[in-house]
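Student: Could you walk me through this structure, please? I would like to learn how its surface is put together.

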Amino acid sequence: MDNAEIRVEKGHAEPEEVAAITAVLLARAAATPSAPTHRARRKAAWRRLEREGGFRAPHSWHG
């Protein structure tokens, strides 16, 4: 295995061990994620205070 795609940095791995870890890595890469994907929001849920007006009238506090 002189020109292999996977290289063992420390120790010695037999060809069967390299094949086993390659099979596991390929299976994990092909698996679909079980968690739902995150959907990006169009607008931030928070407001920057420096962009807010200095005073909000008391009648605007509701709702």
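**A salt bridge and its surroundings**

Tutor: Happy to! Arg 7 and Glu 9 form a salt bridge, with their closest N and O atoms 2.7 Å apart. This is a predicted model, in which local features need pLDDT of at least 70, side-chain atom pairs count only at pLDDT 80 or more, and totals for chains, interfaces and linings use all residues. Residues are numbered from 1 along each chain as its sequence is written, and side-chain values use heavy atoms, leaving out hydrogens and water.

Student: To what count do the salt bridges come by this rule?

Tutor: The rule asks for a side-chain nitrogen of Lys or Arg within 4 Å of a carboxyl oxygen of Asp or Glu. By it, the count comes to one salt bridge.

Student: Is Arg 7 buried or exposed?

Tutor: Buried means under 20% relative accessible area, exposed over 50%, and partly exposed in between (1.4 Å probe, protein chains only). Arg 7 has 65% relative accessibility, so it counts as exposed.

Student: Which residue joins its side chain to that of Glu 14 in a polar contact?

Tutor: Glu 14 lies in the segment before α1 and is partly exposed at 38% relative accessible area. A polar contact is a pair of N or O atoms within 3.5 Å; within protein, one must be able to donate a hydrogen and the other to accept it, and residues adjacent in sequence count only if both atoms are side-chain atoms. At 3.2 Å, the partner side chain is that of His 12.

Student: In which helix is Leu 25 found?

Tutor: Helices (H or I, at least four residues) and strands (E, at least two) are DSSP runs, numbered from the N terminus. The protein chain has one helix and zero strands. Leu 25 sits within residues 15-30, that is, in helix α1.

Student: What percentage of the residues of the protein chain count as buried?

Tutor: Glu 5, for example, is exposed, with a relative accessible area of 80%. For the protein chain, with its 63 residues, the buried share is 3%.
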